[in-house]
Amino acid sequence: MPGAESMPAAMPDAMPDEIRLHTPRLTLDALRGEDAAALYRYRADPAVSRYQGWCPASLDEACRFIERCAAVTPDTPGSWFQRAIRQRDSGELIGDLGLHFVADAPATVELGISLAPAHQRQGLAAEALQAALGWIFEGLHKHRATASVDPRNQPCVTLLAGIGMRREAHFVESLPDGAGWADDVIFAMLEREWRLRHASERHRG
Ligand SMILES: CC(C)(COP(=O)(O)OP(=O)(O)OC[C@H]1O[C@@H](n2cnc3c(N)ncnc32)[C@H](O)[C@@H]1OP(=O)(O)O)[C@@H](O)C(=O)NCCC(=O)NCCS
């Protein structure tokens, strides 16, 4: 398996009705009605939802989520543009990736990602996020990408640091978490940091 760093850039393939990104092992495209059962299965899994802001309470709620996603276009201020993460060869839904077009910061995109447990720890989240960052900086010409993570979510902290995002801020007990409060760590990457990272990767060969 190639490491994320040695992977070719994602191939944006703008379809008339949707944005589709390909990586060596994945396709990122729109969620569809028939994805609801798979989406519900992994999103409702406590191991996946523990540090997430949204967990579907029923299959119906997963269906409504997919319907709402269909109405969002890239760059709609304040919206989450949600992409399906599919195995490239089979088309099977194995996760989802959200791009939040921050309403009061139009040059910034916030990222969020979830993978079904059976597909974790294979470098697939890193592969999907690299593709999304390529599109954000080279396709949408944004200035900054961020991600917000609970510092107890070690897999996600390792993931974000591993793809070269900077640990930029740590807010203490800033978010409600059940009856208590959770810390919030912000990771970020600037467009020039993305270019530098990719120039040095190309230089290394
Ligand atoms: C966070 C998440 C997307 C990572 O997905 P993944 O496909 O397993 O990540 P990758 O395989 O690309 O691994 C990225 C790095 O994280 C590390 N990692 C992944 N899972 C880990 C775990 N359970 N424990 C320790 N490290 C872990 C990998 O070893 C890898 O490190 P490396 O770059 O040093 O090799 C996945 O765990 C998940 O969906 N979690 C539930 C949803 C969630 O919390 N999303 C984040 C909200 S901010």
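Q: What should I know about the model before reading any values?

A: This is a predicted model, where local features need pLDDT of at least 70, side-chain atom pairs count only at pLDDT 80 or more, and totals for chains, interfaces and linings use all residues. Residues are numbered from 1 along each chain as its sequence is written, and side-chain values use heavy atoms, with hydrogens and water left out.

Q: How many helices and strands does the protein have?

A: Helices (H or I, at least four residues) and strands (E, at least two) are DSSP runs, numbered from the N terminus. Here you get 6 helices and 9 strands.

Q: What does the radius of gyration say about the protein?

A: It is taken over C-alpha atoms, and the globule rule is 2.2 Å times the number of residues to the power 0.38. For 205 residues, a compact globule would come out near 17 Å, and the protein's 16 Å agrees with that. Along the principal axes, the C-alpha atoms fill a box of roughly 50 × 40 × 35 Å.

Q: How much of the protein is buried?

A: Buried means under 20% relative accessible area, exposed over 50%, and partly exposed in between (1.4 Å probe, protein chains only). Buried residues make up 45% of the 205 in the protein.

Q: And how do I read the contacts?

A: A contact means heavy atoms within 4.5 Å. Of the protein's contacts with a separation of 6 or more, 55% are between residues 24 or more positions apart.

Q: How many disulfides are there?

A: A disulfide is a covalent bond between the sulfur atoms of two cysteines. The working cut-off is a pair of cysteine sulfur atoms within 2.5 Å, and a search of the whole structure finds 0 disulfides. For cysteine 63, the nearest cysteine sulfur is that of cysteine 69, 12 Å away. Cysteine 156 is in no disulfide either: its nearest cysteine sulfur, on cysteine 55, is 17 Å away.

Q: Are cysteine 63 and cysteine 156 buried or partly exposed?

A: Cysteine 63 has a relative accessible area of 28%, so it is partly exposed. Cysteine 156, at 19%, counts as buried.

Q: Where is leucine 59, and which residues does leucine 59 touch?

A: Leucine 59 sits in helix 3 (residues 59-70). With a relative accessibility of 41%, leucine 59 is partly exposed. Setting aside neighbours within four places in sequence, leucine 59 is in contact with Ala36, Ala37 and Tyr40. Alanine 44 is 15 residues from leucine 59 in sequence and 9.4 Å away in space, C-alpha to C-alpha.
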